[in-house]
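Visitor: I am new to this structure and would like to learn how to read its features. Could you take me through a few of them slowly?

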Amino acid sequence: MMSVSQVDTYFSFGISNLNIMIQRCQPLCKTCIGPNQNDCTEWIIEQNSYNQNCNDGYIFDIEQQKCLLCPMGCQKCLDQVTCLKCEDTFTQQGSSCYCLNGYIDEFTLDCIANITNPL
């Protein structure tokens with residue numbers, strides 16, 4: 001802003017009515033072009049990385065900023081639907097885990113093999 005003063009005259013010019021808009025990015029997003037998750041152009045950490053100190057059977061969710069449970073029987077997952085590696089007692093078919101040779105324990109959710117008694 002600049003002011004000029006002359007004899008009995010005072011001139012002033014500058015910027016008026018300046019509006020500043022602040023737009024927030026998603027949590028853990030370093031730069032973005034909008035407020036939505038798809039608007040993030042650079043993440044601080046890789047989105048949905050399973051290397052965010054989550055135990056086996058869990059996946060880090062960037063939006064909720066916490067570890068979420070993988071699908072039943074899954075040791076490593078890409079998201080809450082897609083399994084990358086099943087637990088040892090489960091059988092993997094595609095991106096899902098199944099308890100094919102036994103039953104699922106209601107308390108532990110482990111796949112328990114059926115034990116047959118030899119005659």
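This is a predicted model: local features need pLDDT of at least 70, side-chain atom pairs count only at pLDDT 80 or more; totals for chains, interfaces and linings use all residues.

Visitor: In which sense do strand β5 and strand β6 pair, and over how many bridges?

Guide: Strand β5, residues 58-61, and strand β6, residues 66-69, pair in the antiparallel sense over 4 bridges; in one of these pairings, Y58 has L69 in β6 as its bridge partner.

Visitor: What is a disulfide, and how many does a search of the whole structure find?

Guide: In general, a disulfide is a covalent bond between the sulfur atoms of two cysteines. Here the search of the whole structure finds 6 disulfides, among them the one that joins C70 to C77, with sulfur atoms 2.0 Å apart. The torsion about the S-S bond of C70 and C77 is about -70°, so this disulfide is left-handed.

Visitor: Are C70 and C77 buried or exposed?

Guide: Buried means under 20% relative accessible area, so C70, at 5%, counts as buried, and C77, at 1%, is buried as well.

Visitor: Which parts does the pair of C99 and C111 tie together?

Guide: The sulfur atoms of C99 and C111 are 2.0 Å apart in their disulfide, and with 80° about the S-S bond the link is right-handed. Because C99 lies in the loop between β10 and β11 while C111 lies in strand β12, the pair ties together parts that are 12 residues apart in sequence.

Notes
Residues are numbered from 1 along each chain as its sequence is written. Side-chain values use heavy atoms; hydrogens and water are left out. Two strands pair if DSSP finds at least two bridges between them. Helices (H or I, at least four residues) and strands (E, at least two) are DSSP runs, numbered from the N terminus. A disulfide is a pair of cysteine sulfur atoms within 2.5 Å. Buried means under 20% relative accessible area, exposed over 50%, partly exposed in between (1.4 Å probe, protein chains only).
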